[in-house]
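Work through the exercises below with the structure open. Each one sets a task and then gives a solution in steps.

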Amino acid sequence: MDRAKIAALVLLGVLLAAGSAAAQSDALLEAYDHSKALFGEGRFADAIPFAEEALALGEDEFGRDDVTTATLLNNLAELHRAAGVYSEAETLHRRALDILNTRLTPQDVQIAVSAHNLAEVYRAQERYAEA
């Protein structure tokens, strides 16, 4: 696994943990932990259902437009990017970025991370002008 993928996973994990960890259900944390472990093993396709479950639980617990939900969207998008499913990764990253741009100040690091991740989707597809 390349360094960029590892760095993205670590940073997204930190952002999720820094969110509303005390309010997260055991089921959400379990699904997230499973997806993170499988991602770390390079088993991207196996991790996607767990990340989807974490996202669904996060939407229920925090709302569709919450910053924690945006982090879960980024996590799922990164799995799709790693698996080469760029159209899905782009859609998820765009949704996450929309949430973050609405909820956070423009200087917030989460916006930069999200924009970078979307740019990586474009770079992987050689869509350099959009990146």
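**Exercise 1.** Find the salt bridge that joins arginine 123 and glutamate 120, and describe its two partners.

Solution. 
Step 1. A salt bridge is a side-chain nitrogen of Lys or Arg within 4 Å of a carboxyl oxygen of Asp or Glu.
Step 2. The model is predicted: local features need pLDDT of at least 70, side-chain atom pairs count only at pLDDT 80 or more, and totals for chains, interfaces and linings use all residues. Residues are numbered from 1 along each chain as its sequence is written, and side-chain values use heavy atoms, with hydrogens and water left out.
Step 3. Both residues belong to helix 6 (residues 109-124), where they are 3 residues apart, about one turn of the helix. Helices (H or I, at least four residues) and strands (E, at least two) are DSSP runs, numbered from the N terminus.
Step 4. For burial, the classes are buried (under 20% relative accessible area), exposed (over 50%) and partly exposed (in between), with a 1.4 Å probe and protein chains only. Glutamate 120 is buried because its relative accessible area is 14%. Arginine 123, at 42%, is therefore partly exposed.

**Exercise 2.** Are glutamate 78 and arginine 81 buried or exposed, and how far apart are the N and O of their salt bridge?

Solution. 
Step 1. The N to O distance in this salt bridge is 2.5 Å.
Step 2. The two residues are 3 apart in helix 4 (residues 67-82), so about one helical turn separates them.
Step 3. Glutamate 78 and arginine 81 are both buried.

**Exercise 3.** Which residues are linked with Arg127 in a network of salt bridges?

Solution. 
Step 1. Start from the pair glutamate 130 and arginine 127, whose side chains form a salt bridge at 2.7 Å, N to O.
Step 2. Glutamate 130 is partly exposed because its relative accessibility is 44%. Arginine 127 has 22% relative accessible area, so this residue is partly exposed too.
Step 3. The network links Arg127 with Glu90, Arg94 and Glu130.
Step 4. Over the whole structure, a search finds 9 salt bridges.

**Exercise 4.** Identify the residues of the negative surface patch and the helix that gives the most to it.

Solution. 
Step 1. Patches are made of residues with over 30% relative accessible area and no salt bridge; like charges are joined within 9 Å, and nonpolar side chains (Val, Leu, Ile, Met, Phe, Trp, Tyr) within 5 Å. Asp and Glu count as negative, Lys and Arg as positive, while His and the chain ends are not counted.
Step 2. The members of the patch are Asp26, Glu30, Asp33 and Glu53.
Step 3. Helix 2 (residues 26-40) gives the most, with 3 residues.
Step 4. Glutamate 53 sits in helix 3 (residues 44-62). Its relative accessibility is 39%, so glutamate 53 counts as partly exposed.

**Exercise 5.** Locate valine 67 and list what it touches beyond four places in sequence.

Solution. 
Step 1. Valine 67 is part of helix 4.
Step 2. With contact meaning heavy atoms within 4.5 Å, and residues up to four places away in sequence not counted, valine 67 touches Ile99, Leu100, Arg103, Leu104 and Gln110.
Step 3. The C-alpha atoms of valine 67 and asparagine 101 are 9.8 Å apart in space, and the residues are 34 apart in sequence. Asparagine 101 is in helix 5 (residues 86-103). Asparagine 101 is partly exposed because its relative accessible area is 44%.

**Exercise 6.** What is phi of glutamate 126 near, and where does this residue lie?

Solution. 
Step 1. Phi of glutamate 126 is near 60 degrees, a positive value in a residue other than glycine.
Step 2. The residue lies in the segment after helix 6.
Step 3. At 59% relative accessible area, glutamate 126 is therefore exposed.

**Exercise 7.** Summarise the fold of the protein chain: how many helices and strands are there?

Solution. 
Step 1. The chain has 6 helices and 0 strands, in the pattern α-α-α-α-α-α along the sequence.
Step 2. Of its 131 residues, 43% count as buried.
Step 3. Among contacts between residues at least 6 apart in sequence, 62% join residues at least 24 apart.

How values were computed: Areas by Shrake-Rupley, 256 points an atom, 1.4 Å probe, with all protein chains shown as cover. Charge placed at Lys NZ, Arg CZ, Asp CG, Glu CD.
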